[in-house]
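Here is a friendly walk through one protein model, with its open spaces and its sheet in view. Please keep the structure open beside you as you read.

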Amino acid sequence: MNNSTVTIFFDVNETLSNLKPVSDAFDAAGAPHGLATMWFATVLRDGFALAATGSTARFLDIATTNAHSVLRDLPLTHSLDESVDAVLSAFAQVHVHDDVPAGIRALHGAGHRLFTLSNGPTATAQRLFEAAGVSDLIDGVLSVEGHAPWKPARGAYEDALTRTGTTGTAYLVAVHPWDIHGAAMAGLSTVWVNRTGATYPEHFLPPTTSVTSLDGLAAELR
């Protein structure tokens with residue numbers, strides 16, 4: 001890597017945000033431990049299926065429908081509707097991972113252009129950055145909603161490049177290997193954030209580079 005400035009797109013859910021409050025909401029509803037992870041995977045699954053068939057739906061609509069589905073037959077502590085509302089409301093309690101603010105500040109200080117690119121609503125990223133005190137360091141908050149198919153469809157990344165006027169080197173930063181693969185297929189460089197020491201799946205294109213936390217990315221780009 002060289003020392004030139006680049007454009008960086010960040011995935012939001014799980015890459016920037018810690019979804020523990022959502023898991024806690026499932027637990028409080030009386031759901032089995034780990035159901036939140038399965039539910040989130042079904043949201044991604046259905047969004048991917050719609051994108052693959054040329055269809056679309058809002059993240060919140062899929063999340064709501066699938067929360068009803070996974071919670072419906074469980075002995076919940078409250079009504080089904082109340083439990084679903086609690087799960088979705090928990091997104092408002094989500095904050096960034098501890099390594100994110102320092103990482104954003106370092107990247108901004110190095111002169112890089114910083115954007116988000118999410119399958120979810122832009123309001124989520126805006127709230128996260130405001131709570132973390134780094135909203136003034138972000139050049140733009142992007143979502144595929146109303147613009148492009150869900151990531152990892154090639155069009156999602158190409159649309160982001162067009163909307164941001166990016167002509168030079170661009171990176172996609174994500175914890176999800178499927179996102180890394182999609183961005184790489186669209187011609188972007190990629191950074192895999194591997195906070196858990198996971199093994200990268202061999203069936204996906206490998207990342208350009210990997211970091212264990214976002215606060216180490218600025219140094220890696222140097």
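## The main pocket

By class, 14 nonpolar, eight polar and three charged residues make up the lining of the largest pocket. In this count Ala, Val, Leu, Ile, Met, Phe, Trp, Tyr, Cys and Pro are nonpolar, Asp, Glu, Lys and Arg are charged, and the others, Gly among them, are polar. The model is a predicted one: local features need pLDDT of at least 70 and side-chain atom pairs count only at pLDDT 80 or more, while totals for chains, interfaces and linings use all residues. Residues are numbered from 1 along each chain as its sequence is written, and side-chain values use heavy atoms, with hydrogens and water left out.

The largest pocket has a volume of about 500 Å³, and 25 residues line it, with E14, L19, T37, F40 and H176 nearest its centre. Two or more lining residues come from each of β2 (17–18), α1 (20–28), α2 (35–52), α8 (177–185) and β7 (189–193). Of these, α2 gives the largest share, seven residues. Helices (H or I, at least four residues) and strands (E, at least two) are DSSP runs, numbered from the N terminus.

A word on terms: on a 1 Å grid over the protein atoms alone, a pocket is an open set of points with protein on both sides within 12 Å along at least five of seven lines, whereas a cavity is a set where a 1.4 Å probe fits but cannot get out; lining residues have an atom within 4 Å of a point. Grid points are joined across faces, edges and corners, and the volume is the space filled by probe spheres set on them.

N13, R58, F59, L60, L88, F91, S118, G120, P121 and T124 form its lining, which divides into five nonpolar, four polar and one charged residue.

How many cavities of 30 Å³ or more does a search of the whole structure find? There is one. The largest cavity has about 70 Å³ of space, and its lining is made of D11, N13, F40, L44, F59, S118, N119, K151, H176 and W178. By class, that lining has four nonpolar, four polar and two charged residues.

## The sheet

Six strands form an open sheet in the order β5-β4-β1-β6-β7-β8, with parallel pairing. β5 (140–143) and β8 (209–211) stand at the edges with a single partner strand each, so one side of each has no neighbour in the sheet. On average, neighbouring strands are turned by 25 degrees against each other, direction ignored; axes are lines fitted to C-alpha atoms, for helices over the stretch in contact, and angles run from 0 to 180 degrees between N-to-C directions.

Two strands pair if DSSP finds at least two bridges between them. Strand β4 (residues 113–118) runs parallel to β5 and is joined to it by four bridges, with S118 having S143 in β5 as its bridge partner.

Five of the five residues of strand β6 (residues 170–174) are buried, so the strand is largely enclosed by the rest of the structure. Buried means under 20% relative accessible area, exposed over 50%, and partly exposed in between (1.4 Å probe, protein chains only). In a regular strand the side chains alternate between the two faces of the sheet. In β6, A170, L172 and A174 point one way and Y171 and V173 the other, and all are buried.

Strand β1 (residues 7–10) and β6 run parallel, joined by four bridges, and F10 stands opposite V173. β6 also pairs with β7 in the parallel sense over four bridges, where Y171 has S189 in β7 as its bridge partner. The chain crosses from β6 through α8 to β7 in a right-handed β-α-β crossover, that is, with the strands pointing away from the viewer, the path from the first strand over the helix to the second runs clockwise.

## Two backbone details

K151 and P152 are joined by a cis peptide bond, with omega about 15 degrees. P152 lies in the loop between β5 and α7 (154–163).

E14 is not a glycine, yet it has a positive phi of about 80 degrees. E14 sits in the loop between β1 and β2 and is partly exposed, with a relative accessible area of 30%.
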